[in-house]
Amino acid sequence: MKIHEYQAKEILKKYGVAVPDGIAATSVEGAVEAAKKMKEDGASLFVVKAQIHAGGRGKGRTKKNNAKGVILCKTIDEVKEAAESLLGDVLVTIQTGDEGQLVQTIYVTDGVDIKKEFYVGVLLDRANSKNVIMASTEGGVEIEKVAEETPEKIIKEWIEPGMGLQVNQARRIAFALGLEGKALKSCIKFIMALYKAYEETDSDMFEINPLIVTPDDEIYALDAKVTFDGNALYRHPDLAELKDEAEEDPFELEASKYDLNYIKLDGNVGCMVNGAGLAMATMDIIKLSGGEPANFLDVGGGANVETVKNGFRIILEDPNVKAILINIFGGIVRCDRVANGVIEAVKDPEIADKVKNVPIIVRLQGTNAEEAKEIIDNSGMNVISAVLLKEAAEAVSKVMA
């Protein structure tokens with residue numbers, strides 16, 4: 001689960017990670033009041049930042065007003081103008097694609113002076129099954145670009161499970177960034193606090209880009225990107241409440257209500273599968289057959305009538321879907337039960353009208369697969385049965401021709 005920058009910084013502050021002062025606002029009036037309050041507290045410069053779940057905001061532009069996603073302001077009047085140019089407009093960045101994202105919240109922050117910029121991130125290195133801290137002197141630049149063009153500029157420290165981050169590891173990172181004196185000590189403290197925040201919130205990623213050093217050698221997180229492990233949110237109801245549904249894909253949001261793992265893609269063949277590995281193989285089969293997957297949809301091990309109905313409902317909301325491939329392995333659940341569930345779902349009035357012109361290919365393997373094929377073949381519905389993946393691929397090719 002992603003959260004906004006202003007929310008991420010509130011969490012960081014609780015763990016002692018230094019961030020510039022800032023106030024979120026959802027209206028022009030709110031932004032002006034925030035700037036006035038910050039000026040009373042000593043701020044002389046302001047930065048107004050669009051709050052969307054996408055990176056590249058500083059280089060992005062809004063569609064209507066052609067405003068930058070991050071605007072430096074010297075006066076309260078300029079803060080007002082910046083708020084007017086961002087709120088209610090659609091910001092397009094390198095990560096949003098051409099459709100962009102609607103700006104509904106902005107963040108007014110203290111404009112601090114910058115002497116140096118760095119990158120620091122914490123995430124799970126799945127190849128090594130360890131958390132890793134990555135740092136680079138190339139702050140303010142996409143870390144993917146740094147990794148591709150100058151990988152030698154990325155510093156890594158792996159944390160041993162059960163031991164936690166050691167002070168000497170944080171010290172090595174700070175030294176590698178070329179820091180010394182007060183800045184070195186502040187950076188060590190910063191990294192230790194950042195890792196504690198990452199670990200205790202069950203996060204997938206904490207990314208600070210840039211981490212800055214001020215002229216008086218203070219360290220701040222100028223920007224913060226945080227992603228939580230959705231499987232651990234039951235332990236953090238306070239964090240779960242930070243979810244901004246307006247920023248979520250509506251299809252994925254709807255699927256989550258039914259415990260379905262759904263990701264929308266740009267293709268024309270809808271997929272309904274149980275198991276992530278089988279889903280990946282199914283998408284490969286679709287591409288090999290000349291189609292393009294319209295989604296990733298994992299219904300889990302216990303596929304039943306309601307699961308299949310909800311899966312159909314979500315897949316068919318995508319107008320690009322021209323065919324649906326259901327590929328279920330009957331291990332936990334018997335294939336004949338899945339077959340009956342598919343037929344019952346297709347007969348449902350809400351679904352039936354939508355699938356009249358959308359061929360459905362069903363491949364069921366595992367327990368009672370033969371009985372399941374008979375149920376599909378004798379249903380009289382617009383459903384095509386397949387036993388082998390090859391048969392499913394050929395059926396997809398035929399209906400897409």
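How many bridges pair β17 and strand β18, and in which sense, parallel or antiparallel? Hold that thought for a second, because what we have here is a predicted model, and local features need pLDDT of at least 70, side-chain atom pairs count only at pLDDT 80 or more, while totals for chains, interfaces and linings use all residues. Residues are numbered from 1 along each chain as its sequence is written, and side-chain values use heavy atoms, with hydrogens and water left out.

Okay, the answer: β17 and β18 (residues 360-366) pair in the parallel sense over 7 bridges. Two strands count as paired if DSSP finds at least two bridges between them.

Buried means under 20% relative accessible area, exposed means over 50%, and partly exposed is in between, with a 1.4 Å probe and protein chains only.

Now let's go to the start of the chain. Here 4 strands form an open sheet in the order β1-β7-β2-β4, with antiparallel pairing. β1 (22-25) and β4 (70-73) are at the edges with a single partner strand each, so one side of each has no neighbour in the sheet. On average, neighbouring strands of this sheet are turned by 20 degrees against each other, direction ignored. Zooming in, β2 (residues 46-50) and β4 pair over 4 bridges, in the antiparallel sense, and the bridge partner of Val 48 in β4 is Ile 71.

What packs on this sheet? Helix α1 (residues 5-14) does, touching β1, β2 and β7 (106-110), and its direction makes about 50 degrees with that of β7. For contact, read heavy atoms within 4.5 Å. For angles, axes are lines fitted to C-alpha atoms, for helices over the stretch in contact, and the angles run from 0 to 180 degrees between N-to-C directions. The buried residues of α1 are Glu 5, Gln 7, Ala 8, Lys 9, Ile 11 and Leu 12. After α1 comes Gly 16, with a positive phi near 85 degrees.

Helix α3 (residues 76-86) lies across β2, β4 and β7, and runs at about 165 degrees to β4. α3 also meets another helix: the axes of α2 (residues 28-40) and α3 come within 9 Å and cross at roughly 150 degrees. That makes α2 roughly antiparallel to α3. The cut-offs are under 35 degrees for roughly parallel, over 145 for roughly antiparallel, 65 to 115 for roughly perpendicular, and oblique for the rest. Residues that meet there include Val 28 and Ala 31 in α2, and Ile 76 and Val 79 in α3.

Next, aromatic rings. A search of the whole structure finds 3 aromatic pairs. Rings of Phe, Tyr and Trp (its six-membered ring) pair if their centres lie within 6.5 Å; planes under 30 degrees apart are stacked, over 60 edge-to-face, and the rest tilted. Tyr 6 and Tyr 107 have ring centres 6.2 Å apart and planes at 45 degrees, so this pair is tilted. Tyr 6 sits in α1 and Tyr 107 in β7, so the pair ties together parts that are 101 residues apart in sequence. Is each one buried or partly exposed? Tyr 6 is partly exposed, at 22% relative accessible area, whereas Tyr 107 counts as buried, at 2%.

Further along, the rings of Tyr 198 and Phe 206 have centres 6.2 Å apart and planes at 85 degrees, so that pair is edge-to-face. Tyr 198 and Phe 206 are both buried, and together with Tyr 195 they form one aromatic cluster.

Last stop: the axes of α11 (residues 335-347) and α13 (residues 369-377) come within 7 Å and cross at roughly 20 degrees, so these helices are roughly parallel to each other. Among the residues that meet are Cys 335 and Asp 336 in α11, and Ala 369 and Glu 371 in α13.

Technical notes: Helix = DSSP H or I, 4+ residues; strand = E, 2+ residues; numbered from the N terminus.
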